[in-house]
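Trainee: Hi, I'm new to this one. Could you walk me through it?
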Amino acid sequence: MTGAPRLGVGIGWRPEIDLTVEALPGVDFVEVLAENIHAGPLPESLTVLRARGVPVVAHAVSLSLGGAEPVDAARVQHLAAVAAAVGAPLVSEHVAFTRAGGLDSGHLLPVPRTRDALNVLVDNVRRAQADLPVPLALENIAAVFDWPDNELTEGQFLAELVDRTGCLLLVDVANLYANAVNIGTAPAVFLDELPLERLAYVHVAGGVTHDGVYHDTHAHAVPSEVLAVLAELCARVDPPGVLLERDDDYPADADLAAELAAIRAVAVRGR
Amino acid sequence: MTARDVLAARQLALVRALLAGGPVPDGFDANRVGVEAAALRSKRRSIASHLRPDLADLLEDRFGPLFDTWARDHPKPVELSFRADLDRFETWLYDEGHLERPRRRWFRR
């Protein structure tokens with residue numbers, strides 16, 4: 001146990017699969033994308049899930065906590081409002097930046113793993129935490145390229161971030177697999193360097209390899225290699241939660257159910 | 001220059017390379033930055049076709065190449081919503097003569 005609330009196995013709630021998520025067997029919790037939710041009246045499907053006692057985690061993608069620019073207070077306030085509206089036990093964001101100089105990349109970009117960049121990130125995270133009503137978990141991203149002047153490994157960078165901000169960890173094993181393929185991150189070393197007692201939950205997703213680069217698409221089936229990284233994690237810690245992310249090209253309900261069952265099997269085997 | 005200023009300059013140079021055809025900053029793998037730039041364009045194009053199926057239908061095969069040409073010169077400003085950003089694309093299509101400006105705009109939206 002890691003001190004974080006017990007969540008179980010879950011799936012990302014999306015409007016396109018709202019009825020599927022309600023009907024799927026073995027959904028212990030869900031996650032909503034904060035940017036896509038109004039903090040006012042919730043979509044009916046989320047109200048139904050909440051009434052069943054299914055925990056809803058609020059996940060953000062646009063805080064740009066790794067960015068050089070000060071944190072946008074309005075975005076943090078929106079995340080806080082969504083967290084309150086869904087009764088989220090915790091919220092999450094990424095160790096990434098999404099914009100610079102007024103330009104929006106529309107994507108999560110890696111930050112340089114230098115002492116200076118870590119100091120900026122720590123400062124941004126603390127400012128965000130001050131305005132959030134529940135604990136914040138921070139997630140490793142998938143990168144296609146790396147900065148040339150890194151001083152720390154990914155694991156060391158995250159470990160120090162946790163140590164200095166008290167944040168929780170959201171480990172995305174698909175992103176970890178992507179970085180193993182794309183930028184040479186060693187998953188076992190990464191997992192060994194992390195304070196896994198601060199783990200809040202885990203993300204699992206599918207992707208595809210093109211010309212030797214793994215793309216974390218959330219639109220393909222979960223490859224066995226990603227489940228193998230999940231197994232490595234579960235050999236070290238019993239994760240409080242494991243969540244499947246699917247964002248496009250939605251498969252048949254039975255396929256999603258099978259992926260959730262496969263995830264549960266790996267998580268249970270590690271226990 | 002504070003650490004934030006240095007980081008801001010470096011992040012902006014990278015974002016320009018990824019979104020606006022700027023030079024790849026020293027030390028980066030230019031091939032991989034190109035792969036990421038293509039992925040970001042593809043993601044933005046996909047959102048565009050979802051939000052403006054009318055433009056995608058009118059342009060047919062020309063939608064992708066025209067969108068990519070426009071996107072390279074018009075990275076999305078943070079303060080614009082995706083919809084407002086695509087209104088700029090629509091205006092550009094008319095101004096450049098790629099689409100005929102509809103005479104009766106009042107029936108749209």
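Mentor: Happy to; we'll start with a helix pair in chain A and then look at chain B. This is a predicted model, where local features need pLDDT of at least 70, side-chain atom pairs count only at pLDDT 80 or more, and totals for chains, interfaces and linings use all residues. Residues are numbered from 1 along each chain as its sequence is written, chains are lettered from A in the order in which they are written, and side-chain values use heavy atoms, without hydrogens and water.

Trainee: At what angle do α4 and α5 of chain A pack?
Mentor: About 40 degrees, with the axes of α4 (residues 115–130) and α5 (residues 154–165) 10 Å apart. Axes here are lines fitted to C-alpha atoms, for helices over the stretch in contact, and angles run from 0 to 180 degrees between N-to-C directions.

Trainee: Which residues of α4(A) and α5(A) meet?
Mentor: On α4(A), they include A:L118, A:L121 and A:V122, and on α5(A), A:F157 and A:L161 are among them. Contact means heavy atoms within 4.5 Å.

Trainee: Switching topic, what is the secondary structure of chain B?
Mentor: Chain B has five helices and zero strands, in the order α-α-α-α-α along the sequence. Helices (H or I, at least four residues) and strands (E, at least two) are DSSP runs, numbered from the N terminus.

Trainee: And what box do its C-alpha atoms fill?
Mentor: For chain B, roughly 55 × 30 × 25 Å along the principal axes.

Trainee: How much of chain B is buried?
Mentor: Of its 109 residues, 37% are buried, meaning under 20% relative accessible area (1.4 Å probe, protein chains only).

Notes. Buried < 20%, exposed > 50% of the residue type's maximum accessible area, 1.4 Å probe, protein only.
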